[in-house]
Amino acid sequence: MAIHKDKPHLWKADVAASVDLYNQWFMNFAPTAFRAERIKATKDVLSAFDVTANLAQITPTVLQNNPGILASLRMATCPPIARDRLIGLAQVQKPLVETLEEGKLPTRMLTKELTRQLTQICGTMQKMLDVDLLPWIQAKVTPTNVERERGATIIADRLCGAQANPIIRNAQESRQLEKIGAWLGARGYRKATHPADQPITTMPAGTYAFRMNVRVGEELAVNIPVDVVVQPKKARASPLPILIEAKSAGDFTNTNKRRKEEAQKYTQLKERLGDDVEYVLFLCGYFDSGYLGYEAAEGIDWVWEHRIDDFAQLGL
């Protein structure tokens, strides 16, 4: 039985309620999440200062020993450099920059080639350092504590500004999962880790797991990440658990750009698990009738966060 996909007469009111709920959360909690991330980013920038003699010694050896500082270095330039812009300016390989920003070194690159590309990155950083923000660089002096703290805070702000949407999205997703977990827990469900090598049909009744990989495909098998996997307490005709995707959005534009992602994932899951698979979205925020109509046409249903008790209609 459908929950909302076959009830378009309810969509307008639910969209308005969902937008109000997201905006309320954003006003109350997003600044806290952003500030917490900025504190962490400031510590990361200060660590980058420590290993580079306050950015006066940006060398291939330093970068090789501390690859994770690259993001801080990009934000210490004038203007701040996006990742792809750095790749073009320094004429280096994209996988190298991506790997460095994960705090790692490439495992298959020859040492000579690695040194060459790190040298090009460092040269670009040195040429473009923001000397107004970092006045001690041109003066060739040790910065005062005030200068150092001010520089680190501004660079951290730039880092967080460049990552503002992911920061907010991650905080909102964590909150959504906590809310689902609390709802399930109040109904006697328990959180349990499911072995990766076991089919999801073997999940014990009355259990759920967060961020679980569901394997799809035959010859070219891939793992599809699913936010919440729940095995109902009551026996059903299908042994498959219910798959829930937590979705939030702070504007209507991005949701319509991303609406094909869920449909593609649902298609892959059905190809692997069969047409009995129940794949449900948990929505909070800016999801308009265009998005809802597209998902409904693809056979995807949803539960609004402001009507979380609708999960009971799935037999949970």
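Here is a short chat about a few spots in this predicted model.

Colleague: Hi! Let's start with Asp227. Where is Asp227 found?
Modeller: Hello! This is a predicted model, and in it Asp227 is part of strand S3, which covers residues 222-231.

Colleague: Which side chain of opposite charge is nearest to Asp227, and how many Å away?
Modeller: That would be Arg211, at 5.2 Å. Asp227 is buried but has no salt bridge; the cut-off for one is 4 Å between a side-chain nitrogen of Lys or Arg and a carboxyl oxygen of Asp or Glu.

Colleague: What does the side chain of Asp227 reach, then?
Modeller: The backbone nitrogen of Ala246, at 2.8 Å.

Colleague: And which residues does Asp227 touch, leaving out those up to four places away in sequence?
Modeller: Glu173, Leu177, Ala209, Phe210, Arg211, Ile244, Glu245 and Ala246. So Arg211 is in the contact list, though Asp227 has no salt bridge.

Colleague: New topic: is Asn145 buried or exposed?
Modeller: Exposed, because its relative accessibility is 64% and the cut-off is over 50%. Asn145 belongs to helix H8, residues 145-162.

Colleague: How many Å apart in space are Asn145 and Gly290?
Modeller: They are 53 Å apart, C-alpha to C-alpha, with a sequence separation of 145 residues.

Colleague: Now helix H1. Where does H1 bend?
Modeller: At Phe29, by about 45°. H1 spans residues 11-51, and Pro31 follows the bend within four residues. Just after H1, Ala53 has a positive phi of about 50°.

Colleague: Last one: how many aromatic pairs does the whole structure have?
Modeller: A search finds 12. Ring pairs also join Tyr22, Trp25, Phe26, Phe252 and Tyr286 in a cluster.

Note on methods
Residues numbered from 1 in each chain as written. Predicted model: local features only at pLDDT ≥ 70, side-chain atom pairs only at ≥ 80, totals over all residues. Heavy atoms only, no water. Helix = DSSP H or I, 4+ residues; strand = E, 2+ residues; numbered from the N terminus. Buried < 20%, exposed > 50% of the residue type's maximum accessible area, 1.4 Å probe, protein only. Lys, Arg positive; Asp, Glu negative; His and termini not counted. Polar contact = N/O pair within 3.5 Å; in protein donor to acceptor, adjacent residues only side chain to side chain. Contact = heavy atoms within 4.5 Å. Bend = angle between axes of the 7 residues up to and from the residue. Phe/Tyr/Trp six-rings, centres within 6.5 Å; stacked < 30°, edge-to-face > 60°.
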